[in-house]
Amino acid sequence: MKNNKNNKFAGKKPAPPTKPLTATPLSQTAAALLGNKYYSTKPDYVPKPYLGPPGKLNDVVKLELLEKEDASTVKQIWLQYHLQKECLCAVIPSDIYKKLISRSKECPLFIIPLPGDKGFISILYQNQGDHLVFTYLEQFKKHSVNAVPWLIASHYTDFIDSKGIVLMRAEPNLEVLNNTQAQYLYNQIQSYLLDDTKYKIMETFTKRPHEFDFNLVIKDMEKMSLLDNKQSEMASNVIEFEKEAELVNESKKE
C-alpha cells in the first residue's frame with residue numbers, strides 16, 4: 001500500500017465540474033435588437049417591466065392643487081417637475097391638440113425611420129385614443145399586440161376646457177431608447193400630424209397605401225446619428241408647440 005501522508009491531495013474529493021457561464025437572459029425588446037446595438041441603451045438589464053406613463057393625471061401630480069392655478073402657472077409647474085426626469089413633456093394649446101389628435105385618429109398608423117450610425121430601423125406609430133405608442137416594426141410583426149412598446153406618449157386632457165391646455169408626458173423604454181431618440185420620434189409624428197404637406201403623406205399611407213412612397217419619409221429623416229452629441233437642439237426633454245400655435249393664430253386672422 002502506498003503511503004499517502006506526503007500526498008497533499010490524499011483524502012480530498014475531486015472538485016465538482018465548473019458550470020458553464022451563461023449570458024444574462026435577454027428581454028423581448030433586447031432580443032429584438034441582437035445584431036443592432038446602436039439602438040440599445042440597456043440591452044441585458046431590465047430594472048422593472050416597462051409600463052409607460054401613468055394612465056391618469058392624478059397619478060402624476062396632485063390634481064386638486066393644479067386646478068387652483070392659471071394656465072401659465074400650470075405650464076411652469078409641469079415643465080419644471082419633469083426637467084430632471086428621464087421622460088419627455090409638453091404643454092399643448094387645446095386647439096393645437098385637437099388638430100393633432102383628430103388627425104392622429106384619422107391616420108392611426110405610420111412608419112417612422114429612426115436613424116443611427118448604420119442606416120435606420122423602422123418604428124411603428126399607433127394611435128390609442130389620447131395615447132401615441134411607438135414600437136419596433138419588426139418586433140410588432142413577430143409579436144403583434146404583445147410587442148413591447150418603445151415609447152408611449154400620454155396626453156392628459158383634464159384642463160383642455162378650463163385652462164385651454166393639454167399636458168403631455170412621454171416615457172421611453174430605456175432598455176432600447178434614450179431621451180434624444182424618443183424626442184426625435186415624437187417630433188417626427190408631431191410634424192407629420194400638424195404640417196399640412198407632411199400630413200398628406202400620412203393620408204396616402206392610410207387611405208391609398210398602393211400609392212405610398214416610403215422614400216419620401218426616408219428623405220425627410222435626419223441624416224445625423226442620434227447617438228452622438230452633435231444635435232444640441234435636441235438636448236432638452238421639453239417638446240415645443242409654439243411654432244404650431246403661431247400658425248393656427250395666423251390662419252384664424254385670415
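I looked up serine 122 and found it in strand 3, residues 120-128 (strands are DSSP runs of E with at least two residues, helices are runs of H or I with at least four, and both are numbered from the N terminus). The model is predicted, so I note that local features need pLDDT of at least 70 and side-chain atom pairs count only at pLDDT 80 or more, while totals for chains, interfaces and linings use all residues. Residues are numbered from 1 along each chain as its sequence is written, and side-chain values use heavy atoms, with hydrogens and water left out.

Serine 122 has 17% relative accessibility, so I list it as buried (under 20% relative accessible area; exposed is over 50%, partly exposed in between, with a 1.4 Å probe and protein chains only). Beyond its neighbours within four places in sequence, serine 122 is in contact with Ile111, Ile112, Thr135, Tyr136, Leu137 and Phe214 (heavy atoms within 4.5 Å).

Next I looked up the aromatic pairs. Rings of Phe, Tyr and Trp (its six-membered ring) pair if their centres lie within 6.5 Å; planes under 30 degrees apart are stacked, over 60 edge-to-face, and the rest tilted. I note nine such pairs. Phenylalanine 110 and tyrosine 192 have ring centres 5.1 Å apart and planes at 45°, so this pair is tilted. Phenylalanine 110 lies in strand 2 (residues 109-115) and tyrosine 192 in helix 6 (residues 179-194), 82 residues apart. Phenylalanine 110 is buried at 0% relative accessibility, and tyrosine 192 is buried at 2%.

Last, I looked up charges over rings (NZ of Lys or CZ of Arg within 6 Å of the ring centre and within 35 degrees of the ring normal). The charged end of lysine 198 sits over the ring of tyrosine 192, 5.2 Å from its centre.
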